[in-house]
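Welcome, and thanks for taking a look. Please open the model beside this briefing and follow along from topic to topic.

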Amino acid sequence: MKKQMEQSRQKKIAAINDLTGFGRCALAVSMPVISHLKVQCCPVPTSILSNHVGYPEYFFDDYTEKLPAYFAMWKKLDLKFDGIMSGFLGSEAQIDLVENFVRQFSGKGTTVIIDPVMGDHGKIAGTYTKEMCHKMRRLVSLADIITPNLTEACQLTDTLYRDKGWKKSELLLMAEKLRDMGPEKIVITGIPQGKFIANYMYQVKEEPVLFRTYKEGTERCGTGDLFAAIIAADAVNGVPFVQSVKKASLFIKKCMIKSVEMGIEQKNGVCFEEILHLLKV
């Protein structure tokens, strides 16, 4: 009976990211998407913002100093998680706290998904220091799955970035360097290929897969958070990795098309709510 109850228990993911009220990114995306995929999303807000930083002005409240007490209460409650995922981390202290959280709360059967949000288009975010980049490598070493974009993969592996002309052999070499850090499953996202955008999937003991979709509209915030949320929920639900990446890529494409159709402001991300019912468990 106990085994049967355990098998029927709803799965839980601890989602560590900022909470942004407007702009559809971070926890505001992760929570509804993970919940839709029938996994309980347990948020850990690293900071609270009125709207994302792509707007000229925003309210910001750093939650770093409150996190140790937050984590201590979860430990007191003896909480267990099937998945732990992290997104943007704004300081060395936050990276350290997430590393400690992973070490403290991940056990047998916990899948750790790290989205090493550091930059895009060949540029590392202005808030990121060399020490933060080094510590992100250490955090990545604790992951089972990582979802870096091309810029972040280059930064993590000391590879020179360029915006076109990537060969499969070069992507394989970069993926192998990331694998050597610790994670067994890697997807390098946002690889430009003319009219296409590609994701390169690598997992230990499997053939790498390059999956391409047509570019739709202009880039929007929050798509990386949407992608990582689907990958995380699928991982704890036992969905095969390549299937999950293709599913996430195609869903984001549909969201981009719908956002253009509805005239959604670019800064307001993708209107995934309109078609969330199409995202299958």
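This is a predicted model: local features need pLDDT of at least 70, side-chain atom pairs count only at pLDDT 80 or more; totals for chains, interfaces and linings use all residues.

The structure holds 13 salt bridges, and several of them are described below.

**Salt bridges between distant parts of the chain**

- Arg9 pairs with Asp82 in a salt bridge whose closest N and O atoms are 3.2 Å apart. The two partners are 73 residues apart, with Arg9 in the loop between α1 (2-8) and β1 and Asp82 in the loop between α3 (67-76) and β4 (83-86).
- Arg9 counts as partly exposed because its relative accessibility is 32%, whereas Asp82, at 12%, counts as buried.
- Glu273 and Arg24 also meet through their side chains in a salt bridge, at 2.8 Å from N to O. This pair spans 249 residues, linking the segment after α9 (241-261), where Glu273 sits, to the loop between β1 and α2 (27-36), which holds Arg24.
- Glu273 is partly exposed at 44% relative accessible area, while Arg24 counts as buried at 16%.

**Another pair and a network**

- Arg162 and Glu170 form a salt bridge with an N to O distance of 2.5 Å. Arg162 is partly exposed at 30% relative accessibility, and Glu170 is partly exposed at 28%.
- Through shared partners, salt bridges join Glu92, Asp96, Glu99, Arg103, Lys135 and Arg138 into one network.

**Helices α4 and α5**

- Helix α4 (residues 92-105) packs with helix α5 (residues 130-140) at an angle of about 10°, and their axes are 9 Å apart. Angles under 35 degrees count as roughly parallel, so α4 and α5 are roughly parallel to each other.
- On the α4 side, the contact is made by Glu92, Ile95, Asp96, Val98 and Glu99. On the α5 side, Glu131, Met132, Lys135, Met136, Arg138 and Leu139 take part.

**Thr157, buried in α6**

- Thr157 belongs to helix α6 (residues 150-157). Its relative accessible area is 7%, so Thr157 is buried.
- Apart from neighbours within four places in sequence, Thr157 is in contact with Met174, Lys177, Leu178 and Met181.

**A nonpolar surface patch**

- Which residues form a nonpolar patch on the surface? They are Leu19, Ile48 and Phe59, with about 250 Å² of accessible area together.
- Leu19 lies in strand β1 (residues 12-22) and is partly exposed, with a relative accessible area of 34%.

How values were computed:
Residues are numbered from 1 along each chain as its sequence is written. Side-chain values use heavy atoms; hydrogens and water are left out. Patches are made of residues with over 30% relative accessible area and no salt bridge: like charges are joined within 9 Å, nonpolar side chains (Val, Leu, Ile, Met, Phe, Trp, Tyr) within 5 Å. Accessible areas come from the Shrake-Rupley method with a 1.4 Å probe; for residues, only the protein chains shown count as cover. A salt bridge is a side-chain nitrogen of Lys or Arg within 4 Å of a carboxyl oxygen of Asp or Glu. Helices (H or I, at least four residues) and strands (E, at least two) are DSSP runs, numbered from the N terminus. Buried means under 20% relative accessible area, exposed over 50%, partly exposed in between (1.4 Å probe, protein chains only). Axes are lines fitted to C-alpha atoms, for helices over the stretch in contact, and angles run from 0 to 180 degrees between N-to-C directions. Angles under 35 degrees count as roughly parallel, over 145 as roughly antiparallel, 65 to 115 as roughly perpendicular and the rest as oblique. Contact means heavy atoms within 4.5 Å.
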